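The sequence and the structure come first, and the description follows.

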Amino acid sequence: MSFQLIQLEKNQVNVTCPYCQQDVLDWSQEQYIQPCAHTLFIAMDLGFEYISDAYEATMQRTVDEIHAHDDDSINIWHEISQSTFPDYVIYQADLGVEGMYRYIGLTAKAID
Ligand SMILES: [Zn+2]
């Protein structure tokens with residue numbers, strides 16, 4: 001794995017892409033997930049909310065395969081850590097529920 005993990009302090013705050021300044025999590029929008037060209041994925045411990053083709057291609061299993069086994073054994077962190085995508089950052093945001101997080105993967109080089 002070749003990512004840098006950055007832990008965000010508060011839950012329910014907008015998350016801004018450091019490369020294009022777009023709010024990729026924007027709570028003022030009804031559709032609060034707003035992926036930009038640098039967004040590799042947005043996931044919670046319960047499953048993926050968004051994934052780019054470029055990132056999915058580097059994972060051991062597809063999101064469909066992961067979600068097909070959608071039960072207590074789903075482990076998003078494990079799936080992410082198996083990716084071979086080079087050089088990216090993951091923002092980890094506390095969901096306000098004990099032990100539950102949202103993960104947002106961002107890469108400096110636009111993928112679209
Ligand atoms: Zn961006």
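In this predicted model, the protein is built from three helices and seven strands, and these elements follow one another along the sequence in the pattern β-β-β-β-β-α-α-α-β-β. The C-alpha trace spans about 35 × 30 × 25 Å along its principal axes. A compact globule of 112 residues would have a radius of gyration near 13 Å, and because the protein has 13 Å, the value agrees with that expectation. Buried residues make up 23% of the 112 residues.

Five strands form an open sheet with mixed pairing, in the order β1-β6-β7-β4-β5. At its edges lie β1 (3-8) and β5 (47-51), each of which pairs on one side only, and from one strand to the next the twist averages 20°. In general, the strands of a sheet pair through backbone hydrogen bonds, and they do so either in parallel or in antiparallel fashion.

Two of the pairings can be set side by side, each with one pair of residues that stand opposite each other.

| Strand pair | Sense | Bridges | Opposite residues |
|---|---|---|---|
| β1 and β6 | parallel | six | F3 and Y88 |
| β4 and β7 | antiparallel | five | F41 and G105 |

In the antiparallel pair, β4 covers residues 39-44 and β7 covers residues 101-106.

**Two residues with positive phi**

Which backbone angle sets Q21 apart, although this residue is not a glycine? Q21 has a positive phi of about 65°, and its place is in the loop between β2 (15-16) and β3 (23-25). Q21 has 8 C-beta neighbours inside 10 Å and therefore counts as exposed, given that a residue is classed as exposed when 12 or fewer such neighbours are present.

D87 likewise has a positive phi, of about 60°, and is not a glycine. This residue is found in the loop between α3 (76-81) and β6 (88-94). With 10 C-beta neighbours inside 10 Å, D87 also counts as exposed, because that number falls within the limit of 12 or fewer.

Notes
Residues are numbered from 1 along each chain as its sequence is written. This is a predicted model: local features need pLDDT of at least 70, side-chain atom pairs count only at pLDDT 80 or more; totals for chains, interfaces and linings use all residues. Helices (H or I, at least four residues) and strands (E, at least two) are DSSP runs, numbered from the N terminus. A residue is buried if 20 or more other C-beta atoms lie within 10 Å of its own, exposed if 12 or fewer, and partly exposed in between; C-beta atoms are placed from the backbone. Two strands pair if DSSP finds at least two bridges between them. Axes are lines fitted to C-alpha atoms, for helices over the stretch in contact, and angles run from 0 to 180 degrees between N-to-C directions. The radius of gyration is taken over C-alpha atoms; the globule rule is 2.2 Å times the number of residues to the power 0.38.
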